[in-house]
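Colleague: I'd like to learn how to read a two-chain model like this one. Could you walk me through it feature by feature?

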Amino acid sequence: MIILLAIAIGSLFAGATYLVLRRSVVKLILGLIMLSHGVNLLIFTMGDGVRRGAPPLVDAQGQPPAGAADPLVQALILTAIVISFGFTAFVLALAYRSNQAVGSDDLDDLSTTDRL
Amino acid sequence: MVFHLFLPIVSPLIGAALAVLLNRLPLASRLIALLSTLINLGYGLWLMVTVPASGPLVAQASGWLAPFGISLVADGMSALMVMLAALLMLTTIIYSFFSIDYERERHFYYPLLLLLLLGVSGAFLTGDLFNLYVWFEVLLVASFGLITLGGSRDQLEGGLKYVVLNLLGSTAFLFGCGLMYGFAGTLNMAHIAERMATLTNPGLQTVLAGVFLFAFGSKAAIVPLFFWLPSSYHTPPVAVTAIFSGLMTKIGVYSLYRVFGLLLQNELAIYGPWLTLLAGLTMVIGVLGAVAQMNVRRILSFHIISQIGYSIMGIGLASAAGLAAGLVFTAHVMIVKMALFFIGGAAEQINGTGDLKRMGGLARREPLLALFWFLGILSLAGIPPLSGFIGKLILLQVGVSQQAYLITAVAAATSILTFFSMLKIWNEVFWKKSYEDVSRLPRVRFGLLAPGAALVILSVALGLLAGPLVEYNTIAGQQAFDRDAYIAAVCGVDGCEAVYQAAVR
C-alpha cells in the first residue's frame, strides 16, 4: 500500500512540476491543483493508518479500539483540501479575468508589469 | 492560562464581519476598521510591557492540554510583531481614508484590511505549526483580494504572479508540515522542539529545514525566490503596497526566526552559513535590481528585498544576539519602509505619475514632504541618530563579534548603495526642476502626509531613545532562542512529552 502511494505521490509531483513549468496559464493552474493533491496524499502517508492497515475509528463508548490509527492526518488533509479548493476557485476566476484583460493564455504575454 | 490572548484575533474578525454588514455606510466601516485596529494596538502595547518580565504568555484553545490542542503563545518577538502589525495597519487605514476611491471601499476594502490583520496577528501568536499554515492562508487570501481589488490590467497580471508563486510557497509549507508530523508525531511547536532534541535522524531534520527555508524564503522574498515581489507590488493602490511592504515579507522572516530559533535550532549549525550567504546575496541583488528602475514604487519594492537580507542575516548569525539584532532591524525597517511608501505615494499623487522622469520640483513646492522623505532615506541608509543606524550598528556589532567579517562588510557596503539609490529618487522627485509649472500641481493633502510623517518621527524617536528598544529586543531574542523556557511556558515545567505520555496512558 505504502509503495503504491509513494508511486502515486511521486507521479503527481512530477506531473505537477511539468505543468507548472508550461507557459499556458490554464496548465499552470492544473499543475497547482495536482501539486496540492500530491501534498494531501503525502500527509496521508504520514499517519500510521496506512502502515498498520487500521481505521481511525472509535467504538460506541468513544474509546479507540486497540490498534486504531491516528485520525489527525485525516483532519489535516480535510483542512488542506478545503483551503486548496477555495484558492483554486479564486485562481481560476483571476485567470479568467486576466485572460479577458490581456486576451492571451500565454504567460510570456503577461510581462507588462516587469517591463522597464 | 490567559484567555485574553485571543483578543488580537477576535477583534479584527468581529470588525471585519461588522464592516461587511455595514458596507453601505462608508463612515461606519471606516470607524469599525479604526476601532478594531486600535484595540489590537493597545493590546499589543500591553503585551510588550508585560511579556519581558513575565516570560511567554500562553492560552490553550478550548482548554485542551498543550500538546493536543492549539496553543497561542506570546513571547517577546510575537508581542513586538503584534504591536507593529496593528500600528502599521492603523497608519494604512488613515492613509486609505484619503486615498482609496469609493468603488474600492464599496467592494469590501476595509474588511479585507481587517482580515489581513486577523491573519497576521494569528500567525504571530500561534504556537502550532499547522495552525501557522492556516493563518498564512487567511492572510494570503485577504492579500489576494487586496492586490487584485480594482481589476486593472496591471493588477491582474501582477496579481496572477503574486497568487501563483505564493500558492507554491504555501504548498511547500504544507509539505513541510506533513513531513514534520510524520517525523515528530506532533504539531505543537513546543512539543516538536522538545522531541527534536531526542529524535535521532539528523538527515531528515536537515531536509525539513530545507523545505521550511524554501517555503518561508519564498514568502520573505529572499534570493532567488523574490521574483513575484517586484512584478506585483507596484500595481495596487499605494496604501495596499505600503501595508504589504510592512507586513507580508516580514511574516516570512518571523516564521524563519520561529522555525530556526525554536523548532530546528540544531540545524542552524548546518544552515547558518548558507543563510548568511543568502542574506548577502539578497542584500546586494535587491539593491542592484533597483538601479535600473525609474519608478518610485518599483525602486522601493526592490529595496524591500535588499532589507530582507539584513533580517535574514540576523538568523544566519545563529545566536540569541543575532536574533535580537535582526529583530531590532526588522522593527525599524517595517516602520521606515512604510513611511517611504506613504511619502512616495503622496508625491506620486501630486504629480499624477510615479515615473521619475516626469516628476520633479517638489522640494520647493512641498518642503514638509521633502523633509520627511529625506529623514526617511537617511534612516533607511543608517545615518545616525536615526533608527536605521541603531538597527545596522547592532547587526554589524554581532557580525564582528562572531567573526562573520564578510557578511558584515557586505551589509555595510549595501548601506552605501541603498543611500545612493534613495538619493536618485530625492534628486528626481524633489530636487531637480520640474518641466512643468509646479505651482499648478495640487497641494499634498494632510491625510496623505501625516501617516508617513508620523512613522518617520517614530523612527527618529527610536533612534534617539534606542535604549529601551534594544533592551526589549535583547530579551525577545533570548526568549526566541531559549527552547527550554518556551517549552516550560507552553506545557509546564515537566515538558510536553510528560503531559503527552500521561494522557496517552
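Modeller: First, some ground rules. This is a predicted model, in which local features need pLDDT of at least 70, side-chain atom pairs count only at pLDDT 80 or more, and totals for chains, interfaces and linings use all residues. Residues are numbered from 1 along each chain as its sequence is written, while chains are lettered from A and ligands numbered from 1 in the order in which they are written.

Colleague: What does chain B average in pLDDT?

Modeller: pLDDT is the predictor's confidence in each residue, from 0 to 100. Chain B averages 93, and 100% of its residues score at least 70. Within chain B, helix 15 (residues 362-365) has the lowest confidence, with a mean of 87, and helix 5 (residues 109-125) the highest, at 97. For the complex, the predictor gives an ipTM of 0.93 and a pTM of 0.95.

Colleague: How many helices and strands does chain B have?

Modeller: Helices (H or I, at least four residues) and strands (E, at least two) are DSSP runs, numbered from the N terminus. Chain B has 22 helices and two strands. Chain A has four helices and zero strands, in the order α-α-α-α along the sequence.

Colleague: And how do I read the radius of gyration? What is the value for chain B?

Modeller: The radius is taken over C-alpha atoms, and the globule rule is 2.2 Å times the number of residues to the power 0.38. For the 505 residues of chain B, a compact globule would come out near 23 Å, and chain B has 22 Å, which agrees. Chain A is another story: a compact globule of 116 residues would be near 13 Å, but chain A has 20 Å. Along the principal axes, the C-alpha atoms of chain B fill a box of roughly 80 × 55 × 40 Å, and those of chain A one of roughly 65 × 30 × 20 Å.

Colleague: What percentage of each chain is buried?

Modeller: A residue is buried if 20 or more other C-beta atoms lie within 10 Å of its own, exposed if 12 or fewer, and partly exposed in between, with C-beta atoms placed from the backbone. Buried residues make up 64% of chain B and 24% of chain A.

Colleague: Which residues have the most contacts inside the largest nonpolar core?

Modeller: In soluble globular proteins, nonpolar side chains tend to be buried together. A nonpolar core here is a set of buried Ala, Val, Leu, Ile, Met, Phe, Trp, Tyr and Cys residues joined through C-beta atoms within 7 Å. The largest has 221 residues, and those with the most contacts inside it are Ala85(B), Leu113(B), Leu139(B) and Val490(B). Helix 14 (residues 320-351) of chain B gives the largest share of this core, 21 residues.

Colleague: How many residues does each chain put into the contact between them?

Modeller: Two residues are in contact if their C-beta atoms, placed from the backbone, lie within 7 Å. Chain B puts in 30 residues and chain A 28. On the chain B side, helix 7 gives the most, with 17 residues.

Colleague: Last one: where are the cis peptide bonds and positive phi values?

Modeller: Most residues other than glycine have a negative phi, and most peptide bonds are trans. Here the bond from Val223(B) to Pro224(B) is cis, with omega near 0°, and another cis bond joins Pro384(B) and Pro385(B), with omega about 5°. Phe108(B) has a positive phi near 65° and is partly exposed, with 19 other C-beta atoms within 10 Å. Gln403(B) has a phi near 55° and counts as exposed, with 8 C-beta neighbours inside 10 Å.
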